[in-house]
Amino acid sequence: MRTLNRLSAMQVTRAKRPGVFSDGGGLYLQVTRTLAKSWLFRYMRSGRSRGMGLGPLHTVTLAEARVKALDCRRQLLNGIDPLDERRSQRKAARQARAPSLPFRECARKYIEAHRSSWKNEKHVTQWESTLASYAYPVMGDMLAADIDTDEVMRVLEPIWTAKTETASRLRGRIESVLAWATVRRYREGMNPARWKGHLDQLLPNPSKVQKIVHHAALPYGDAPAFMATLLTQEGLGAAALRLVILTASRTNEVISARRSEFDLTTGLWTVPPERMKARREHRVPLSTDAVALVKTLLEASGSEFVFPGRGNKPLSNMAMLQLLKRMARKDLTVHGFRSTFKDWARETTDYPNEVSEAALAHVIGDQTEAAYARGDLFNKRAGLMQDWADYLAGYTAA
């Protein structure tokens, strides 16, 4: 039986079923499900099976493939790994064609390019922190053109199960930086950090590794008692948390509120797009309790911020969390009060779901429905928010 040149030109031409067919000496004809044909060289190196493509049949003939396979066997005989050698040659060719930048510098330029489109400086800090902690030690000084799947896996694999959410966000950030580098022509080829059809074959789906933990929320039945206790607390943190609860707003929307955003005569607070998650202006109807609270705050300070912090900056986003700790309520989160409001509206009122969703500034997921929902239901929300304030104060409808 022949160990080399097992295939004939006729067999190669007539191969009509998917599979891998040996010509001997490590050379194989590979036929895909779509009957596309190409050449593959397989070999063992340090106990591992490796394979490298030698080109498609329509470009590389059987005779040419045999010559390529012979060159590979000679490299192996001389202690050279054919696949590593080809990668080295391609790397040298890339470097000769165009300059590249270190990954760290690409990341810096990417962040600067997108800084103005991100909601706040905290988002920038999160980007810089995760890259510095996990990516830079492995690939920070590597040229973007040289980063491959191996480097990305060295970054992600150690934290994928222990810090799944962080690792998942980090993967997306690495992918974005490398995509930027590709568009800027600092690298070429497939993005080694992409998930679908690539890393999803190497790493478990994040949703399978770690269940999503929702923000701890206060049962709505306990909300009036909590609000009564909150009224005994002093400081801007307590006032900010009261406004968060009364308006069902997000932390950043409240702590960065400016006096120019409020019309206390009509009971209106207009939050600008740059502070909203959906990046569009949000009109908040203020209950009588909310108007009284904001009025007191504005009269007590001359700052442009309703909740002034240090150095002409707004109150720290940690102030309300620290308050909850002082109140011995580590079981709660500030964001969770939005869920408390939603549960109350759904369980105890007759307001349509879209009214409470509009109060929470949630974006309508269905594009067709969103196209017709052009109003913000302000008048209906005004009634809802007054009822919510009355409930929190211990009043019940007659």
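A residue is called buried when its relative accessible area is under 20%, and exposed when that value is over 50%. Cysteine 72 has a relative accessible area of 5%, so it is buried. Cysteine 106, with a relative accessible area of 1%, is buried because that value too is under 20%. The structure holds 0 disulfides. A disulfide is a covalent bond between the sulfur atoms of two cysteines.

The model shown here is predicted. The average pLDDT of the protein is 88, and 92% of the residues score at least 70. Residues 365-374 have a pLDDT below 50, and this stretch makes 3 contacts in the model beyond near neighbours in sequence.

Next comes the overall form. The protein contains 17 helices and 7 strands. Its radius of gyration is 31 Å, well over the 21 Å that the globule rule gives for 398 residues, so the protein is more spread out than a compact globule. Taken along the principal axes, the box filled by the C-alpha atoms is roughly 95 × 45 × 40 Å. Of the 398 residues, 38% are buried. Among contacts with a separation of 6 or more, 58% are between residues 24 or more positions apart. The protein exposes about 22,800 Å² of surface, and carbon and sulfur atoms supply 51% of that area.

Helix 7 can be followed from end to end. The helix covers residues 164-183, and at 1.5 Å a residue its 20 residues should span 28 Å. The C-alpha atoms at its ends are 29 Å apart, which agrees with that expectation. The buried residues of helix 7 are Thr164, Ala167, Leu170, Arg171, Arg173, Ile174, Val177, Leu178, Trp180 and Ala181. Which helices do the buried residues of helix 7 pack against? They pack against helix 4 (103-114), helix 5 (121-139), helix 6 (149-156) and helix 8 (206-209). After helix 7 comes arginine 185, which has a positive phi near 70°.

Lysine 37 lies elsewhere in the chain, in strand 3, which runs over residues 37-45. Is lysine 37 buried or exposed? Its relative accessible area is 16%, and because this is under 20%, lysine 37 counts as buried. Leaving aside residues up to four places away in sequence, lysine 37 touches Val12, Thr13, Arg14, Ala15, Leu29, Gln30, Val31, Pro56 and Leu57. Lysine 37 and arginine 184 are 147 residues apart in sequence, and their C-alpha atoms are 34 Å apart in space.

Two alanines in loops can be taken together. Alanine 328 is not a glycine, yet it has a positive phi of about 60°. Its place is in the loop between helix 13 (319-326) and helix 14 (336-348). Alanine 328 has a relative accessibility of 62%, and because this is over 50%, the residue counts as exposed. Alanine 361 also has a positive phi, near 60°, in a residue other than glycine. Alanine 361 sits in the loop between helix 15 (353-359) and helix 16 (367-372). What is the relative accessible area of alanine 361? The value is 17%, which is under 20%, so alanine 361 is buried.

How values were computed:
Residues numbered from 1 in each chain as written. Predicted model: local features only at pLDDT ≥ 70, side-chain atom pairs only at ≥ 80, totals over all residues. Heavy atoms only, no water. pLDDT = per-residue confidence, 0-100. Contact = heavy atoms within 4.5 Å. Helix = DSSP H or I, 4+ residues; strand = E, 2+ residues; numbered from the N terminus. Expected span 1.5 Å × (residues − 1). Buried < 20%, exposed > 50% of the residue type's maximum accessible area, 1.4 Å probe, protein only. Disulfide = S-S within 2.5 Å. Rg over C-alpha atoms; globule rule 2.2 N^0.38 Å. Areas by Shrake-Rupley, 256 points an atom, 1.4 Å probe, with all protein chains shown as cover.
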